[in-house]
Amino acid sequence: MGVLNRLLEDEVVEVRESASITLSSLLIWNVVQGSRLTQLVEQFKSKSAGVAANGGEVLGKHSAVLGLCAFLYACPDDLPAHLPDILLFLTTHMSAPQPIPVSNCLLQTFCSPMSALTNALFMFQKSITKAFNSFKRFHLPNWVVYKRQFTSDQLNELNNIFISPSYYA
């Protein structure tokens with residue numbers, strides 16, 4: 001798992017995403033289970049919490065979010081007990097404000113060092129959206145059964161993420 005954690009924290013986005021897919025494969029095959037599974041979820045949650053101040057912290061948060069997304073990918077036809085908490089934890093990151101795109105900055109010389117940070121923040125929310133779309137696609141056919149594992153507050157929070165707001169309301 002040490003190598004996989006290092007790959008999740010790699011500077012190259014594609015390497016981090018591949019490590020997330022590898023982690024989901026390990027979860028599918030029950031290589032990680034029991035207390036190690038719970039420990040891994042808590043590690044990713046604590047690492048992704050807080051506000052990132054620099055590029056290294058954003059990459060660390062992105063690696064943790066990709067780790068949590070791996071749990072969503074690992075259960076396409078099931079909803080284990082730990083998954084609702086992971087889903088709701090990730091919804092808090094979806095409601096985070098979007099960073100200002102570098103192209104919109106007035107002082108290009110001031111904003112150019114921040115371009116890597118801004119790109120990482122966009123990748124952060126893109127990863128969560130991709131995992132949520134996958135979760136929704138696989139769990140929608142049996143949602144009547146799966147939604148019983150959520151409280152009404154949790155279902156309301158998920159509906160805020162999964163259902164697009166109406167412009168005519």
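Where is Trp29 found? I looked, and Trp29 sits in the loop between helix H2 (13–28) and helix H3 (35–48). Helices here are DSSP runs of H or I with at least four residues, strands are E runs of at least two, and both are numbered from the N terminus.

Ground rules first. I am working with a predicted model, where local features need pLDDT of at least 70, side-chain atom pairs count only at pLDDT 80 or more, and totals for chains, interfaces and linings use all residues. Residues are numbered from 1 along each chain as its sequence is written, and side-chain values use heavy atoms, with hydrogens and water left out.

Back to the tryptophan. Trp29 counts as exposed because its relative accessibility is 69%; the cut-offs are over 50% for exposed, under 20% for buried and partly exposed in between (1.4 Å probe, protein chains only).

Next I checked the overall fold. I find nine helices and zero strands in the chain. Of its 169 residues, 39% count as buried. I also looked at contacts (heavy atoms within 4.5 Å): among those with a separation of 6 or more, 63% are between residues 24 or more positions apart.

Then confidence, as pLDDT (the predictor's confidence in each residue, from 0 to 100). The chain averages 83, and 78% of the residues score at least 70. H2 has the highest mean, 95, while helix H6 (residues 108–111) has the lowest, 45. Over residues 98–113 pLDDT stays under 50, and I note 13 contacts beyond four places in sequence for that stretch in the model.
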